[in-house]
Amino acid sequence: MTRYEARPVSEDVPAPMPPAAASGEKYPTQMVADLGALFVPQTLRYLGVPEDIVFDAAQDVLVVALRRIRDFEGRSTLKTWMYGICIRVAQEQRRKYRNRREVLVEALPEVTAPPSQEPAVEKAEWRRALCAVLDTLTEEQREAFVLFEIQRLTMKEVAEAVHCPLATAYFRHKAARGRVLEAFKQQAAEDENG
Amino acid sequence: MVDQREPLRLFESAEAPVQLRRLLMRAHEDVPSLAEQERLVEAARRRSTAGGSAGATSRLRWAARVARHVPKLVSAIALVGAGVGVGVGVHHMSEARHRQAAMAGIPGMPAPLGREAPLIVPMEAPNAPVEDLAPGAAQVTNDSPRAQAPVRPRPHGTMPSAATTTSDGAGMADRSERPGEGRGASDRSGSGSGLGSGSAAGSAAGSTVAGSSAVSRSAASGASRNQSTLVARRERSPSMQEQERSVDGSGSGEAALLLEARQALVTSPARALFLAQEHLRRYPHGILDQEREALTIEALVALGKVDEARARARAFERTYPASPHRARIEHALARAVGAEKEP
């Protein structure tokens, strides 16, 4: 006689269906849009999409999600599904940005800001510092690092979102982590030396 | 092996510097403001519902993408077309050259594909019997595998000569297998008057007047003509010389022509001389120069033009000091001297 072990309850189990599922629509579009608006721009920014097109790219992600939500089969969680769209759109935007004819500068020129705008300038400064460190990573390493360290997904969710085996996700994250630490230390040393 | 336990995140790890941990925490909290979120949702909803169904939009987007690549596609097609055009042009040119060569009756030149080019016997000497023209193809093909394909049978049904291949003929066939050998020993730039007179003879033989008149004119050619021919040969561009060689790179056509001349030497020295000059005309930079010159000298001896033969022999000796044909030339000259003394 075969004994079946009870499956342990973990946080990976998808959240219960929202009430709208009974009406034939698993996830209401409003919920999808609200969820996306919360984390999509942030994710795209740290995945390397240039700051001036972050919100345009976020719109693209939400439009794709809203159009395809009917086809969502629930093989992954809604969250990882949307992160997957984010990653693909970010890749596309990075590629487009690389192919632009304009000559791009790596860093924006220094601007003088009135006192009321100082927090925004300071925010732009630390964002730029973090992005400079993340720029040292490969595309795959960056995806694993951003989703795990900034978006704080579990490693299993990271693997689902980037469509890679779990071990690969671990490997990429480990490599990215080492490289980020090294790059940050190097950057700090350069700042100290002036 | 990768440790598959959930790693400690950097923002809570003592391994990371404080500034980096702070940066990561700030990045985690760096979500858009409520107003930004609302604007984003509104714009996305508008876009997702605008423009009809998603399928139509994606088709439009696909069409726009294709339209963006149309100029590249057109230029690629134009490039490919130009390449094919150039290829076809080159093919036609080479075919025309082959046809022209076959019309001129070069024995080693195959007829163009799909049509049989008429074989024209090149300017027969008046006193040469038709049987003398038989190239002895069977003997050549037996000795030289490369000479097998290009030598075509005569159209007027003459059988190959029954005479066995002479040692000289075999030597020619062997040399035709190794195109570089004959040229390697000779210094082309310093060929001197020996080759120069040969060139002059060839230019004389290039005229439509055939037979012994051409022979006598070529034999009487002066030093000035030699010089002018030499200059003309030196002035030829390397590409022209290359073209001349590529007419028959294997040398089998040359070999067949000289074999005819060799076979005609006994029965009709005038024809042999004529064929040697014909060889010079067709293959001014051929690989059987030494054979031709030796044959010319022997033919001159046979015709009784001993002085000219001797002058040519001296030039030959200067040009090809290590030539294996020297013994044969000396033998022919010695025989001529003996014949002079006899009466």
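Helices (H or I, at least four residues) and strands (E, at least two) are DSSP runs, numbered from the N terminus.

The structure is a predicted model, in which local features need a pLDDT of at least 70 and side-chain atom pairs count only at pLDDT 80 or more, while totals for chains, interfaces and linings use all residues. Residues are numbered from 1 along each chain as its sequence is written, and chains are lettered from A and ligands numbered from 1 in the order in which they are written.

**Confidence**

The predictor's confidence in each residue is its pLDDT, which runs from 0 to 100. Chain A has a mean pLDDT of 81, with 77% of its residues at 70 or more, whereas chain B averages 65, and 49% of its residues score at least 70. Among the elements of chain A, the lowest mean pLDDT, 87, belongs to α4(A), and the highest, 94, to α5(A). Over residues 1-24 of chain A, however, the pLDDT is below 50, and this stretch has nine contacts in the model beyond near neighbours in sequence; two residues are in contact if their C-beta atoms, placed from the backbone, lie within 7 Å. In chain B, confidence is lowest in helix α7 (residues 192-205), at a mean of 37, and highest in helix α1 (residues 18-28), at 91. Over residues 106-249 of chain B the pLDDT stays under 50, and for this stretch the model has 237 contacts beyond four places in sequence. The model as a whole scores ipTM 0.78 and pTM 0.43.

**Where the chains meet**

The contact between the chains takes 34 residues from chain A and 28 residues from chain B. On the side of chain A that touches chain B, the elements that give two or more residues are α1 (29-46), α2 (54-68), α4 (118-134), α5 (139-150) and α7 (166-193) of chain A, and α7(A) gives the most, with 10 residues. The residues on this side divide into 24 nonpolar, four polar and six charged, where Ala, Val, Leu, Ile, Met, Phe, Trp, Tyr, Cys and Pro count as nonpolar, Asp, Glu, Lys and Arg as charged, and the others, Gly among them, as polar.

**Cores**

A residue is buried if 20 or more other C-beta atoms lie within 10 Å of its own, exposed if 12 or fewer, and partly exposed in between, with C-beta atoms placed from the backbone. A nonpolar core is a set of buried Ala, Val, Leu, Ile, Met, Phe, Trp, Tyr and Cys residues joined through C-beta atoms within 7 Å. The largest such core has 53 residues, and those with the most contacts inside it are L44(A), L62(A) and C86(A). At least three residues of this core come from each of domain 1 (20-102) and domain 2 (120-194) of chain A, the domain bounds being taken from an automatic or database domain assignment. If its neighbours within four places in sequence are left aside, L62(A) is in contact with A33(A), G36(A), A37(A), V40(A), L40(B) and A44(B). Another core, of 31 residues, lies apart from the largest one and includes L259(B), A270(B), L300(B) and I329(B).

**Chain B**

Chain B contains 15 helices and zero strands, and of its 343 residues 34% count as buried. Among its contacts between residues at least 6 apart in sequence, 71% join residues at least 24 apart. In helix α12 (residues 269-282) of chain B, 13 of the 14 residues are buried, so this helix is largely enclosed by the rest of the structure. The C-alpha atoms of G253(B) and Y283(B) are 9.4 Å apart, although 30 residues separate them along the chain.

The table gives the surroundings of single residues.

| Residue | C-beta neighbours within 10 Å | Class |
|---|---|---|
| R152(A) | 12 | exposed |
| R127(A) | 17 | partly exposed |
| G253(B) | 25 | buried |

R152(A) is in the loop between α5 and α6 (155-162) of chain A, and its phi is near 60°, a positive value in a residue other than glycine. For H163(A), phi is likewise positive, near 55°. R127(A) lies in helix α4 of chain A, and its C-alpha atom is 9.8 Å from that of E51(A), 76 residues away in sequence. G253(B) belongs to helix α11 (residues 252-267) of chain B.
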